[in-house]
Structures are given as C-alpha cells and as structure tokens.
Amino acid sequence: PAWFTSSTVAEATVQAAQTALGAPTISPGAQRVLTSITVTNTAPGSIPAAGVTLRYTTNNTAPSAVSGTVYSAPFVLGPFSMDQQRTVQAITLPPTTLSNWFTASPVASVTYTGPNFNYGT
C-alpha cells in the first residue's frame, strides 16, 4: 500500500515593486525677485538618505539621472531683468544600489519673476 502520494507542483512569481521617491522641496516658493535669490533644494524626509542625489536645472529643461546640476549647496539665481521669469526644476534620484527598489521622483518646479516696475519711465 502507498502511504504517501505526490501533490502537483505549485509555482509563484514574486516581483519587487519599485517605489517613486518623493520630489524635493524647492525654497523659497514662487515669488517676485528684485535682484537675486538664494535657492535651496531639500530631499524629502521619507527616503533612504545614503546615496540619494538631487539634480536641478534653471534652463527650462527637466533634470534627470544624466542631465542637470548635482545639488550640493544653496545657489544664487539672478540677477533678474524686468518681468523675467526663471524656473528651477529639481528631481530626487535613488542610490544606484537601490535602483531595483526606487525610481526617480516627479520633477518639482518653482518659477521666480523679476521686478515689475521701471525706474526709467
């Protein structure tokens, strides 16, 4: 007599779901600027801090893993001419060692506008 019988083989596929990182905070927020402004980019607090990179642009192009300036310290944007608009865009990039788990954040964007008065008229 057979004491044991074989069951069918069960299979399961497991896949890691990537999580998009939070967008960085650009400060100060949108505003009129008389001459120049110091801009700060801050990584969101709920991300793995080691190896995270922030990149930013000021030329109306979106930053990515290969484009834009790596953010390392606050920077001065300006001087501004009359009603000139300048946009800072920033992105949070995951550490390369965690790219299977995280993807880049959405792009954050803040627009600053130059003065709206003219002393010459």
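**Strand 4 and its surroundings**

I began with pairing: strand 4 and strand 7 run antiparallel to each other, joined over three bridges. I take strands as DSSP runs of E, at least two residues, numbered from the N terminus, and two strands pair if DSSP finds at least two bridges between them. T38 stands opposite V76 in strand 7. Strand 2 (residues 25–27) also pairs with strand 4, antiparallel over three bridges, and there T25 has T42 as its bridge partner.

A note on the source: this is a predicted model, where local features need pLDDT of at least 70, side-chain atom pairs count only at pLDDT 80 or more, and totals for chains, interfaces and linings use all residues. Residues are numbered from 1 along each chain as its sequence is written, and side-chain values use heavy atoms, with hydrogens and water left out.

Next I checked the faces of strand 4. I37, V39 and N41 make up its covered face, while T38, T40 and T42 make up the uncovered one. In a regular strand the side chains alternate between the two faces of the sheet.

Then I looked up V39. Beyond its neighbours within four places in sequence, V39 is in contact (heavy atoms within 4.5 Å) with I26, S27, Y71, P74, F75, L77, V88 and Y112.

My last entry is Q89, which is in strand 8. Q89 counts as buried because its relative accessibility is 14%, and buried means under 20% relative accessible area (1.4 Å probe, protein chains only). Leaving aside neighbours within four places in sequence, its contacts include R55, T61 and V107.

Key
Buried means under 20% relative accessible area, exposed over 50%, partly exposed in between (1.4 Å probe, protein chains only). Helices (H or I, at least four residues) and strands (E, at least two) are DSSP runs, numbered from the N terminus.
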